[in-house]
Amino acid sequence: MEVKKTSPVLYIILRPIFTVIFKLIFNPKYINKEVIPKKGACVIAGNHMHALDPIMVDTSTRRVIYTLAKKDLHDGPFGFLFKGVGSIPVDFSKKENRGALYTAIAYLQDGYAINLSPEAGRNYTEEILLPFKPGAVVMSQRTNCPIIPYSVTGEYKFRSKNLTICYGEPMTFEGMSVEEANQKLYDAVKELLIKNKYNNAGKNYEY
């Protein structure tokens, strides 16, 4: 399947602007962001609590990150922006999103970085983490690239004291079934979430 890739020019222009705005407004903390490789294919995957979570990932690195985003955003009034930064549309009304999966795999095969939330949507429940869809681990296994797990915790408010994104060590899933790999990723993200929540509460949970 041939995929036409979007030029990242708009992304490259906007990222430093958003980085400054984020720091001034939200005062975010970035933990272990150095694990994001400077080059080469990787999947960056974590929880999704707020619409601004993808920007937290984008501002963690100078790399161009291609994010999977719901198709409604591409079709809405700001669709030109989502298309311009190269986000990959996902139609959540369908049980399978093979087009988005194949597009992401094509980007990975060319050495790019992909960001997505395996929760497949924002978590509005009281559960710490929603069940994971297998897309992230399928991408990783088909392209033989690592997954960088992350968790976002805290509040998006002015000069927040607890807004934090924490990255875990790169993960690979050689010899695992999709189900086993998906569970391993889920457990890693959940552990990062719990650690972040403890640290934000001042309980000094060690990483």
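These questions and answers look at how a few features of this predicted model get their labels.

The model is predicted, so local features need pLDDT of at least 70, side-chain atom pairs count only at pLDDT 80 or more, and totals for chains, interfaces and linings use all residues. Residues are numbered from 1 along each chain as its sequence is written, and side-chain values use heavy atoms, with hydrogens and water left out.

Q: Why is lysine 33 called partly exposed?
A: Buried means under 20% relative accessible area, exposed means over 50%, and partly exposed lies in between (1.4 Å probe, protein chains only). Lysine 33 has 32% relative accessibility, so it counts as partly exposed.

Q: Where is lysine 33 found?
A: Lysine 33 sits in the loop between β1 (29–31) and β2 (42–46). Strands are DSSP runs of E with at least two residues, and helices are runs of H or I with at least four; both are numbered from the N terminus.

Q: What makes the positive surface patch?
A: Lys23, Lys33, Lys38 and Arg62 form it. Patch residues have over 30% relative accessible area and no salt bridge, and like charges are joined within 9 Å. A salt bridge is a side-chain nitrogen of Lys or Arg within 4 Å of a carboxyl oxygen of Asp or Glu. Lys and Arg count as positive.

Q: What makes β2 and β5 a pair?
A: Two strands pair if DSSP finds at least two bridges between them. Four bridges join β2 to β5 (residues 113–116), and the strands run parallel. Alanine 45 has leucine 116 of β5 as its bridge partner.

Q: How do you know that β2 also pairs with β6?
A: Four bridges join β2 to β6 (residues 147–153), again in parallel. Valine 43 stands opposite isoleucine 147 in β6.

Q: Which strands pair with β7, and in parallel or antiparallel sense?
A: β1 and β7 pair in the parallel sense over three bridges. Tyrosine 30 has isoleucine 165 of β7 as its bridge partner. β6 and β7 pair in the antiparallel sense over four bridges. Here serine 151 is partnered by cysteine 166 in β7.

Q: What makes both faces of β7 covered?
A: In β7 (residues 164–167), Thr164 and Cys166 are buried on one side. Ile165 and Tyr167 are buried on the other.

Notes: Patches are made of residues with over 30% relative accessible area and no salt bridge: like charges are joined within 9 Å, nonpolar side chains (Val, Leu, Ile, Met, Phe, Trp, Tyr) within 5 Å. Accessible areas come from the Shrake-Rupley method with a 1.4 Å probe; for residues, only the protein chains shown count as cover. The place of a charge is taken as NZ of Lys, CZ of Arg, CG of Asp or CD of Glu.
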